[in-house]
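My plan is to look things up one at a time and jot down what I find.

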2 protein chains.
Amino acid sequence: MSDLKLPTRAEDFSEWYNQLVLRAELADYAPVRGCMIVRPYGWALWENITAALDSRFKATGHVNAAFPLLIPKSFIEKEKSHVEGFSPELAVVTHGGGEKLEEPLVIRPTSETIIGHAYAKWIQSYRDLPVLINQWNSVVRWELRTKLFLRTLEFFWQEGHTAHATAEEAEAETRQMLDVYTDFAVREAAVPVIPGKKSAAERFAGADQTYSIEAMMGDGKALQAGTSHNLGQNFAKAFEIRYLDNTGVLQHCWTTSWGLSTRFVGAIIMVHGDDQGLILPPRLAPHQLVIVPIYKSDDEKIAVLEAARKIRAELIAAGIRVKMDERDGLSPGFKFNDWEMRGVPLRIELGPKDVAKASVVLARRDKPGKEGKSFVPQAGIAGAVSALLNEVQQALFDRALAFRKSNTAEPSDYNEFKLAVEKGFAFSWWCGSGDCEEKIKAETKATMRCIPLEQPGGAGNCIFCAKPSQEKAIFARAY
Amino acid sequence: MSDLKLPTRAEDFSEWYNQLVLRAELADYAPVRGCMIVRPYGWALWENITAALDSRFKATGHVNAAFPLLIPKSFIEKEKSHVEGFSPELAVVTHGGGEKLEEPLVIRPTSETIIGHAYAKWIQSYRDLPVLINQWNSVVRWELRTKLFLRTLEFFWQEGHTAHATAEEAEAETRQMLDVYTDFAVREAAVPVIPGKKSAAERFAGADQTYSIEAMMGDGKALQAGTSHNLGQNFAKAFEIRYLDNTGVLQHCWTTSWGLSTRFVGAIIMVHGDDQGLILPPRLAPHQLVIVPIYKSDDEKIAVLEAARKIRAELIAAGIRVKMDERDGLSPGFKFNDWEMRGVPLRIELGPKDVAKASVVLARRDKPGKEGKSFVPQAGIAGAVSALLNEVQQALFDRALAFRKSNTAEPSDYNEFKLAVEKGFAFSWWCGSGDCEEKIKAETKATMRCIPLEQPGGAGNCIFCAKPSQEKAIFARAY
């Protein structure tokens, strides 16, 4: 609502982000430090994300359930790496109903342990497998340096938890869900992502293997936008999740978990946004199109609103999410800026002259000024809008991919590498040693984001130690 | 999955309920006493409830958002009756990130306080009103006597929170949402409910007025199935939620809150279930119809499954939620019992003879044995199934309403009253005094459920003290 200008992204990317999230009313700070309020506009975006993911989960045979928020503290301690990873981040409930508890409880930082406990009870035989459950909820990991959507004490996500009879099935599930995340990111969010394998140092606490999708933000930094973990038999052994196989032998299950969170909202903001504000991908935008009626006299108002309502009805009937801005006392120019800042993909401007000509001005958010405007007849408006929404969706993806490509280098030596990670991704041979990874991080602040599944083949020399290397990895500074 | 018989409802209604919830795999006990795991079948039912409510909320102009789980303990203390009501039930977080917190936090028992704090910041002018926000989440109220869905330490619900410029608008909103709950209960859940006003003693902590919908369970007891509160200016004053009116004067807002929880799942179980198990209303049932293929030889299996898949495809195309039971090694009789116990409204039995005759056996869950079975041609099956689903939906409502009527008495004296509340509802004149209400409760265990909005008119004498009374109230023992 404010007329104040945002800082440009070039001036201060971080401050551009912080102010934009507040001004677009996506989220707000909560009274408890580290916590976030997701406001209706931000939540509507998240609801569209959840719907797009949920239908993919169900299409691959998963069902939803709800496990409790409160976990006995002792559960977290049952899996060795899990407790090391999560202990420093726990919120601990020590009192309930006015009394001190015998055993402290923790608010779930993630649900592997409590779900492992339930699976041990529910799974008896190979006939009970696979178990494919997802849960939409919020989790708490203690964190005081708040960055809305990206780093908050409580965040919203889905966590999938599956149990399988064999190692192969668990690995196939882990990879399938990585594919689901990739497909969602590309097709729904227009965010190009690199699916790949994490290093041992960056693995989930308790996983044998972690995969992630990595995206490049508008400042060249990386953001991990979703993860899928093959947990091997680690949690199955800690919680005794066992089944009788078809020969009557008792076996431990193989489990996976995978999650995507409200961080993804941050990715959408930072991949597509420009100096005017948000640009939301049409498939996820709460409002795909805003109609701004323009009039001066009361007579004009009557004629314009009548035409505008007819157009709105046609667009809604075609399944398009439409917002009509009928606010009094605000100029059309103010409304244009306001909805541009909020990233609505398309705008219809409708004044008395347009009514007379039975046309509208149709403006694209992703192309500024006259370049993005066209006159479109009111007859057949729904078809024209649908086609343009698809075009914008594709254009956003193409632009983000071109940006990533132009900011990804394949450095031939460590000096080039250091320059590359100043501005974007370095795609480099890496020997696989945690030692090189750690030194690179200390010297350049760049971390090993992932070993992309798509590899060039052949071999080369580690960018740091020059030892023979079989795989190339993405290194970048990251959120 | 178990072949064991449930206790009958007449033998032990409470144990019938407890065993049914577990056996139908709706929910399970969690390791933390008082907590509940909602299993996939139960969660699918809740998802259908949420969808039916959410579309009604959005149609009446509400939007969703997400407020934090953690609330400063001092917030709860800002509204006098609120703190008295909720203090004994709080879960308190005293440690986070390995350190003792300066101010303890509580896990939300409900969100009036934290939302009030946000509204005070967001609302400036009459132009910002009304604010109409809903949230789907879980809340924690300390409770160790667990009864799955009905009484748990953590439960799932929606909580709507609105702010208005005038007392009249707040009252209209409170009543509108009561109407929404009534419409949902009747049309979606086939649960007849009595909308009415609560007594002062039964009001929400901090409300000026509480309304509820009350339903009669299969044992004659009452269950409060949804509540809508007019909070007056209590929270607006405690949290300084103010707006500049159109004459430039600073005014306190008028607020409301309203909620419906997973208790409603308990209501569905106890209103419709019979001694064989659940009977789910078609509009909310996760599976509206189950197909049980029947065969002995491999040849029969091929022919039956082919026909069954064709039928399934036709039903799915018509928007019907279909489950096909292809489990090996289980007899058709076992499967019939299993799906009856799980309350699937319709069943198709399909054997080689049915394939030969191009028909199916279509069985209704709500009518036992032969009475509920018919032979239906495979041609046009989707139309026949849709019509029968509507018929079952209506029949469940009619049966529940008839049951409530036959177990509701209008006692003419206190002795009749005492007998009436042994088996169901007593609809009686009440003077409105908390003293009579308290004594009735102490002597009969019956509480004042609500003063129905629909009143016979006229006047009478209080069932307890015989003083002149203007209103009739529902008294009953309650969950």
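Is A:Thr162 buried or exposed? I looked it up, keeping in mind that this is a predicted model. A:Thr162 counts as buried, because its relative accessibility is 1% and the cut-off for buried is under 20%.

**Entry: around A:Thr162**

I placed A:Thr162 in strand β8 of chain A, which covers residues 154–164. Next I checked its side chain for polar partners. One is the side chain of A:His164, at 2.6 Å. Another is the side chain of A:Thr256, and that polar contact is 2.6 Å as well. Then I listed contacts, skipping anything within four places in sequence. Among those I noted for A:Thr162 are A:His62, A:Glu173, A:Trp254 and A:Trp258. A:Tyr119 is in that list too, so I followed it up because nonpolar side chains tend to be buried together in soluble globular proteins.

**Entry: A:Tyr119 and the core**

Which residues touch the most other members of the largest nonpolar core? I found A:Phe67, A:Ile107 and A:Tyr119, along with B:Phe67, B:Ile107 and B:Tyr119. That core has 88 residues. I also wrote down the neighbours of A:Tyr119, again leaving out those within four places in sequence. They include A:Phe67, A:Val131, A:Ile133 and A:Ile241. A:His161, A:Thr162 and A:Ala163 are on the list as well.

**Entry: how the two chains are related**

A rotation of 180° with 0.0 Å of shift along its axis superposes chain A on chain B, and the RMSD is 0.0 Å. That is the relation of a two-fold axis. The same surface serves both copies, as 100% of the contact residues of chain A recur in chain B. Which residue of chain A comes closest to the rotation axis? I got A:Val93, whose C-alpha is at 2.1 Å.

**Entry: the interface**

On to the contacts between the chains. I noted 52 residues of chain A in contact with 52 residues of chain B. The area buried between them is about 3,900 Å², and carbon and sulfur atoms give 67% of that. In chain A, the residues that lose the most area to chain B are A:Pro31, A:Ala66 and A:Trp122. Together they make up 14% of what that side buries.

The rule finds four salt bridges across the interface of chain A and chain B. I picked out the pair B:Glu47 and A:Lys58, whose side chains meet in a salt bridge at 2.9 Å, N to O. Strand β5 of chain A, residues 91–96, gives the most to the side of chain A that touches chain B, with six residues.

**Entry: B:His117**

I then moved to chain B and found B:His117 in helix α5, residues 112–122. B:His117 is partly exposed, with a relative accessible area of 32%. What does B:His117 touch, not counting residues up to four places away in sequence? I wrote down A:Pro31 from chain A, plus B:Phe75 and B:Phe239. I also checked B:His117 against B:Asn64: they are 53 residues apart in sequence and 17 Å apart in space, C-alpha to C-alpha.

I went through the backbone and noted a cis peptide bond from A:Leu129 to A:Pro130, with omega near -5°. A:Pro130 lies in the loop between α5 (112–122) and β7 (131–140) of chain A. In chain B, a cis peptide bond joins B:Leu129 and B:Pro130, and omega is about -5°. I found B:Pro130 in the loop between α5 and β7 of chain B.

Which positive phi values did I note for residues that are not glycine? One belongs to A:Ala358, at about 55°. I placed A:Ala358 in the loop between α11 (352–357) and β18 (359–364) of chain A. It is partly exposed, with a relative accessible area of 39%. Another belongs to B:Phe149, with phi at about 75°. B:Phe149 sits in the loop between β7 and β8 (154–164) of chain B. With a relative accessible area of 1%, B:Phe149 is buried.

Note on methods. Residues numbered from 1 in each chain as written. Chains lettered and ligands numbered in written order. Predicted model: local features only at pLDDT ≥ 70, side-chain atom pairs only at ≥ 80, totals over all residues. Heavy atoms only, no water. Core = buried A, V, L, I, M, F, W, Y, C linked by side-chain atoms within 4.5 Å. Buried < 20%, exposed > 50% of the residue type's maximum accessible area, 1.4 Å probe, protein only. Contact = heavy atoms within 4.5 Å. Least-squares fit on C-alpha atoms with pLDDT ≥ 70 in both. Buried area = accessible area lost by both parts, 1.4 Å probe. Helix = DSSP H or I, 4+ residues; strand = E, 2+ residues; numbered from the N terminus. Polar contact = N/O pair within 3.5 Å; in protein donor to acceptor, adjacent residues only side chain to side chain.
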